[in-house]
Amino acid sequence: ASGTKNSSILRFVRLMRLCRLARISKVVLAMPELNVLFSGLTRACRAVLATCALTTIIVYSFALLFRQLARDTPLETKYFKSIPSSMTMLLMTAVTPDLVDYFTDEFDVAFGVLFFVFIMIV
């Protein structure tokens, strides 16, 4: 009996989701500008993801190169301690040169990811 009760609750939740989706589609149909905006956003996502992937590959390649070239130099201890710190330094120097001092010290990875997402959105 409790299994039937749980399945009826799940059916009701699914029905409510469908109703919400129907309301959203009515708004999109009533306003063609939103439809154009959504279709443009979905088409642009592929190009943005490809650009992010290419940027990551380039930054990783140069981080490897600089890490190897800076071995046993003062630059290694300051900027190129590891591949992730090298990538962070290179990317943040290119994107926000004024804020490099904030990223050369040890920082929280979540902060760095959040800051990168912010930069990509802006």
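I58 sits in helix α2, residues 32-69, where a helix is a DSSP run of H or I with at least four residues, numbered from the N terminus. Together with L54, F62, L65, F66 and L69, I58 makes a nonpolar surface patch of about 570 Å².

## Basis and confidence

This is a predicted model, in which local features need pLDDT of at least 70 and side-chain atom pairs count only at pLDDT 80 or more, while totals for chains, interfaces and linings use all residues. Residues are numbered from 1 along each chain as its sequence is written, and side-chain values use heavy atoms, with hydrogens and water left out.

The protein chain averages a pLDDT (the predictor's confidence in each residue, from 0 to 100) of 79, and 88% of the residues score at least 70. Confidence is highest in α2, at a mean of 88, and lowest in helix α5 (residues 100-104), at 67. Where pLDDT is low, the predicted coordinates should not be read in detail.

## The nonpolar core

The largest nonpolar core has nine residues, V59, A63, A70, F80, M89, L90, L91, M92 and F115. Helices α2 and α4 (83-95) each supply at least two residues of this core, and α4 gives the most, with four. Not counting residues up to four places away in sequence, V59 touches M87, L90 and L91, contact meaning heavy atoms within 4.5 Å.

How values were computed: Patches are made of residues with over 30% relative accessible area and no salt bridge: like charges are joined within 9 Å, nonpolar side chains (Val, Leu, Ile, Met, Phe, Trp, Tyr) within 5 Å. Accessible areas come from the Shrake-Rupley method with a 1.4 Å probe; for residues, only the protein chains shown count as cover. A salt bridge is a side-chain nitrogen of Lys or Arg within 4 Å of a carboxyl oxygen of Asp or Glu. A nonpolar core is a set of buried Ala, Val, Leu, Ile, Met, Phe, Trp, Tyr and Cys residues joined through side-chain atoms within 4.5 Å. Buried means under 20% relative accessible area, exposed over 50%, partly exposed in between (1.4 Å probe, protein chains only).
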